[in-house]
Amino acid sequence: MPKQKPEVRRHNFNEVATGYNEEQALAEAARCLQCPQPKCVDGCPVEIEIPVFIKLLKEKKYDEGIRKIKEKNSLPAVCGRVCPQEDQCQKNCVMGKAGEPVSIGRLERFLADCERSNGSQAPDKASPTGKKVGVIGAGPAGLTVAADLVKLGHEVVLFEALHLPGGVLVYGIPEFRLPKSIVRGEAEYVKKLGVDMRLSCLVGRTYTIPELLKTGFDAIFIGSGAGLPQFMGVPGENLGGIYSANEFLIRVNLMRSYDFPEYDTPIRIGKHVAVIGGGNVAMDSARSALRLGAEEVCIVYRRSREELPAREEEIANAEEEGILCKFLAAPVRFIGDEKGCVKAMECICMELGPPDESGRRRPCVVKGSEFVMDVDTVIVAIGRTPNPIIQRTTEGLETTKWGTIVTKDESGKTSLEGVYAGGDVVTGEATVISAMGVGKKAARAIHEYLMNKSN
Amino acid sequence: MRLEAHRMHKIVSKEELAYKIKWFEISTPDIAKKSQPGQFIMLITGEKNERIPLTIAGIDSKKGTISFAFNEVGKTTKELGLLKKGDNLENLLGPLGNPSEIKNFGKILCVGGGVMIAPAYLQAQAFHEAGNDVTAVIGARTKKLLFFEDKMKTLSNKVYVATDDGSQGHQGLGFLKDLLQAEKFDRCVAVGPVVMMKHICDLTKPFGIPTVVLLTPIMVDGMGMCGCCRVSINGQMKFACVDGPEFNGHQVDFQELINRQRMFLPEERLSSLLWEKSG
């Protein structure tokens, strides 16, 4: 896959991977063996008929190809970019047994991008059912549920608290991995399907779920995500120059502070940046910090490289761009200057003990191993938990002690009748595609519920 | 209840309360129905603009309006000040934060400073309606920044005025010490600049008067996502947007809050300057 060179891309926010051209896409598609019993489909959380769309691509029937994908997935341009295909469809690809699997994600992206440059067409809709569904959160789960239900003929209102649709796709994942124009395009498509999108509307505050159910909504899907940042609880964490990864990424992505002062929301980046954590969000934060002009960006992770939860491709990208890593270390306190801004971070070394409940080896403190790093910006990327607003304002909605919503089965059924939930608000922070997969199942269950419900 | 057919929030009246302090009344029935004193809204006027929190300063649920005041200090607020009666705000999110604790405490000292005199009036009004005996203090840097003295007087016959430069009323808030010595208050609520709220809390603490403050640190989303508005309350990290904005003033780490408020000052100045220059 063609990419911008590391020494170039570390200075800009343009997309890193530039995508296949037609010739490359056709060559890659030709590698697909068209297995009679394709294993790749089993690995796809949204059940895309992969060999069928690849065959259409081979035959240069690009319109038909993308329509095939969109039967199952309303956000192909997104998934083609950010899905961990290596752990899903491509992992099962027969070609991978003796070499490289077919690059299914890149082919999906190629078709989606072709369509975007030629303009998309909304498919025919089923006749109206007279049922009305409220979907909360225009992130990957919500957009999927909304698109699937509106196609089945239901009236769908999609509530989004932010001023732009996309959820984590727009506030979390950086431009260089997922251009915002793509997210906008996908959201426009969902609107074109007939979804009534209400931006800047916070369910739990402006309206509550019980109120919506009382006033004409037949079912509700909660896909409000995991938007609350976690902190470490060590001294000095409120010093200036210390951001949660959420704040940092919201400023940079949603508010586009990398274009300050053309865009009004500022971001302050120092020379020496430490990013705490080892997931995709940590990688995204580190690579964004570099692009904002930091001299040195160091990821500080309490386990070793092997346990890094980030996607291998993103770790490789980060390393190529010159991101440093300090493994087996964790901050114990932050030290401020006279203005209350962070100037150093005291860390302690860790060693790996026996595996913990997550199956990864547990990091243990090495006594007396404290050391100090000079830093002027710190980004805390140690995870996010569900936003509590809906849980606090919906009586009878069962939640766990971590604030996630309890669901009864795979369909996302909650403790309240007609109320379903899915995505990060149920599972805790996970991937875009897993949220979409859950969204698909929930949409099916909601459809069934609505069609069986008497008026 | 039904969803508003329109998503626009119309400015139904605009006033200039004092020098560079504007007041908007917004027609937004569904939000007005839910709003309570102490809560705030988030506003963004264009995709390139900042999201800003504004404390609700007026609620008329019958008319379906809320009001807020703002000080034209930076680019965002100066631009906001150019909007006219009849204009629409597309992205108005709210009500956010938890409502203030309003009940009959007895004798209340209600202090408002600067532009936050506006929400302080709403507090005073709510306490008055809840049966409290309200004493009001309004303060500002200088005379031309004062407003709502008359409105406050409709709620209370004890309204004190203070300015930093002494151009009207008392000079500074030092006089409150005598007042606190002379009278016993059951509760104090302070709404205003951080330094003023800190000062009030320092004054009430020795007298053991329970004092609450409304904190509006820098926020990006206003609903718990960014954590930029984190404050230390009794040594514990809280988010002003979802845990507040009302907190026990005697437990707030004000110095930390002051430092955090200054985090983006150079950038804010640059933005404002460039905006002025572009005319």
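Q: What makes the charged end of Lys132(A) count as sitting over the ring of Phe217(A)?
A: A charge sits over a ring if NZ of Lys or CZ of Arg is within 6 Å of the ring centre and within 35 degrees of the ring normal, and in this predicted model the charged end of Lys132(A) lies over the ring of Phe217(A), 4.5 Å from its centre. Arg291(A) likewise has its charged end over the ring of Phe176(A), 3.8 Å from the centre. Local features here need pLDDT of at least 70, and side-chain atom pairs count only at pLDDT 80 or more, while totals for chains, interfaces and linings use all residues. Side-chain values use heavy atoms, without hydrogens and water, residues are numbered from 1 along each chain as its sequence is written, and chains are lettered from A and ligands numbered from 1 in the order in which they are written.

Q: Why is the pair of Phe24(B) and Phe70(B) called edge-to-face?
A: Rings of Phe, Tyr and Trp (its six-membered ring) pair if their centres lie within 6.5 Å, and planes under 30 degrees apart count as stacked, over 60 as edge-to-face and the rest as tilted. The centres of Phe24(B) and Phe70(B) are 5.1 Å apart and their planes stand at 70°, so the pair is edge-to-face.

Q: How do you know that Phe159(A) is buried?
A: Buried means under 20% relative accessible area (exposed is over 50%, partly exposed in between, with a 1.4 Å probe and protein chains only), and Phe159(A), with a relative accessible area of 1%, is therefore buried. Tyr207(A) also counts as buried, at 3% relative accessibility.
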